[in-house]
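Dear colleague,

Please read them beside the model.

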Amino acid sequence: MVLVSVSSSKGGSGKSTTSINLGVALAQLGKDVTVIDANLSTPNLSMYLGAPNLPITLQHVLQGQAHIHEATYQHASGAKIIPASISMRNFDDINLYDLRNHLPHIKSEFIILDGAAGIDAEAQAPIQMSDQVLVVASPELPSVADALKTVRIAQHHAKHIRGIVLTRTGHHADLKIKNVETILEHPVIGIIPEDSHIKDALVKREPVVHVFPNAPSAIAYRKLATYFAGHPEFFATEEIPKAYKVMKWLIGLR
Ligand SMILES: Nc1ncnc2c1ncn2[C@@H]1O[C@H](COP(=O)(O)OP(=O)(O)O)[C@@H](O)[C@H]1O
Ligand SMILES: [Mg+2]
């Protein structure tokens, strides 16, 4: 079983889009996969999938009101989804860390935790619960600097960083992939282009890999899934150039 958190301290970097599309692309490959909305403060998996008012959600499970199987919904692709409630109801008594007690009931080959932005306890919980971390960033310095925080948090918790997923690529001013790998000290294992089909899919409340399988982003997510399903090995990276060492020192992440 592979338990992976999709994480990045930057909001809007593509964590949820990546969690859903990687999950559905793995399901399309015939894998048993469960995607969990591990973002209780700003959940959006259910909205991305067009089912905002589900009767039983992750919060019910964490409150002891439902079994995790009752909060599991199946997408047409076969991927299983455990959504979080979007209600503003007071969920103060809920502790995301309790999810750890429910995870053993999930028998999927792949469990994907869609994490929250930031570096607080909510953002760190999925990383702590997982075996591997997929770090999401877009190819610009602020996003990569934020992703470096995620890398450091994952390392602090002694988690295996599976690789970097670069999202919204294709702009002429993008950081070079090699430079992103150098800064983040891990390989880029997915390159997802900026693609208007992602928004078109959002309007249809479906993952892009499901409704627009030939879209550039869908092809890229399938490639990531194929890699993810087949190549568990870790690639070491090379020596870090001085300019990036200075940048890391400046933001205290040396
Ligand atoms: N490759 C992409 N091309 C175009 N838009 C994208 C792409 N990836 C994500 N988006 C858009 O960016 C926004 C934020 O994505 P989301 O996955 O919700 O980020 P996060 O979960 O990290 O906050 C969404 O509106 C989404 O549709
Ligand atoms: Mg999200």
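The count comes to two cavities of 30 Å³ or more, where a cavity is a set of points, on a 1 Å grid over the protein atoms alone, at which a 1.4 Å probe fits but cannot get out. Grid points are joined across faces, edges and corners, and a volume is the space filled by probe spheres set on the points. This is a predicted model, in which local features need pLDDT of at least 70 and side-chain atom pairs count only at pLDDT 80 or more, while totals for chains, interfaces and linings use all residues. Residues are numbered from 1 along each chain as its sequence is written, chains are lettered from A and ligands numbered from 1 in the order in which they are written, and side-chain values use heavy atoms, with hydrogens and water left out.

The largest cavity has a volume of about 80 Å³, and its lining residues (those with an atom within 4 Å of a point) are Ser16, Thr17, Ile20, Asn21, Tyr48, Ile198, Ala201, Leu202, Glu206, Pro207 and Val208. H1 and H8 are the elements that give two or more residues to this lining, helices being DSSP runs of H or I with at least four residues and strands runs of E with at least two, numbered from the N terminus. The most comes from H1, with four residues. By class, the lining of the largest cavity has seven nonpolar, three polar and one charged residues, where Ala, Val, Leu, Ile, Met, Phe, Trp, Tyr, Cys and Pro count as nonpolar, Asp, Glu, Lys and Arg as charged, and the others, Gly among them, as polar.

The second largest cavity, with a volume of about 40 Å³, is lined by Ser7, Ser8, Ser9, Ala116, Gly118, Ala123, Ile127, Thr150 and Ile153. Helix H5 (121-129) and helix H6 (141-156) are the elements that give two or more residues to this lining, which by class has four nonpolar, five polar and no charged residues.

Turning to the open space, the largest pocket has a volume of about 500 Å³, a pocket being an open set of points with protein on both sides within 12 Å along at least five of seven lines. Of the 25 residues that line the largest pocket, Gly12, Gly14, Thr17, Tyr48 and Arg168 lie nearest its centre. Two or more residues of the lining come from each of helix H1 (15-28), strand E7 (160-169), strand E8 (188-193) and helix H8 (196-203), and H8 gives the most, with four residues. The classes in this lining are eight nonpolar, twelve polar and five charged residues.

Among the polar contacts (pairs of N or O atoms within 3.5 Å), an oxygen atom of ligand 1 lies 2.4 Å from a side-chain N or O atom of Tyr48. A backbone N or O atom of Gly12 is 2.7 Å from an oxygen atom of the ligand, and a polar backbone atom of Gly14 is 2.9 Å from a ligand oxygen. The protein covers 88% of the 560 Å² of accessible area that ligand 1 has on its own, by the Shrake-Rupley method with a 1.4 Å probe.

With best wishes

Terms used:
Polar contact = N/O pair within 3.5 Å; in protein donor to acceptor, adjacent residues only side chain to side chain.
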